[in-house]
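Let's take a walk through a protein together. Have a look at the sequence and the 3D picture, then read on.

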Amino acid sequence: MALTPQQKIALCTADLERCDDLLRTFWHEDSRREVQARRKALIKICEQEAESFGMEFLYPDEPAHPRYADL
């Protein structure tokens, strides 16, 4: 069964939240880079799906590196 654009956006948003959680905890740059690439791809998918039914997809910027989060 094919997903509707709204369902795809909901799944992508949940995955984006998981990516943000990982970015809040990962210190190693290689790990962060992989998660950032996945996050960027997910945002692109959400933007395309939202565009297909005339909406704009907005999502907050990625969280700061854990070293700088409390500064």
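Here is a short tour, from the whole protein down to how its parts pack.

First, some housekeeping: this is a predicted model, where local features need pLDDT of at least 70, side-chain atom pairs count only at pLDDT 80 or more, and totals for chains, interfaces and linings use all residues. Residues are numbered from 1 along each chain as its sequence is written, and side-chain values use heavy atoms, leaving out hydrogens and water.

The protein has 2 helices and 0 strands (helices are DSSP runs of H or I with at least four residues, strands are runs of E with at least two, and both are numbered from the N terminus). Its C-alpha atoms fill a box of roughly 40 × 25 × 15 Å along the principal axes. Of the 71 residues, 27% are buried (under 20% relative accessible area, using a 1.4 Å probe and protein chains only).

So how do you describe two packed helices? You give the angle between their axes and the distance between the axes. Here, helix α1 (residues 5-25) packs on helix α2 (residues 29-52) at an angle of about 160°, with the axes 9 Å apart (axes are lines fitted to C-alpha atoms over the stretch in contact, and angles run from 0 to 180 degrees between N-to-C directions). That is why α1 and α2 count as roughly antiparallel (the label for angles over 145 degrees).

Which residues of α1 and α2 meet? Among them are Ile9, Cys12, Leu16 and Leu23 from α1, and Val35, Leu42, Ile43 and Cys46 from α2.

Technical notes
Parallel < 35°, antiparallel > 145°, perpendicular 65-115°, else oblique. Contact = heavy atoms within 4.5 Å. Buried < 20%, exposed > 50% of the residue type's maximum accessible area, 1.4 Å probe, protein only.
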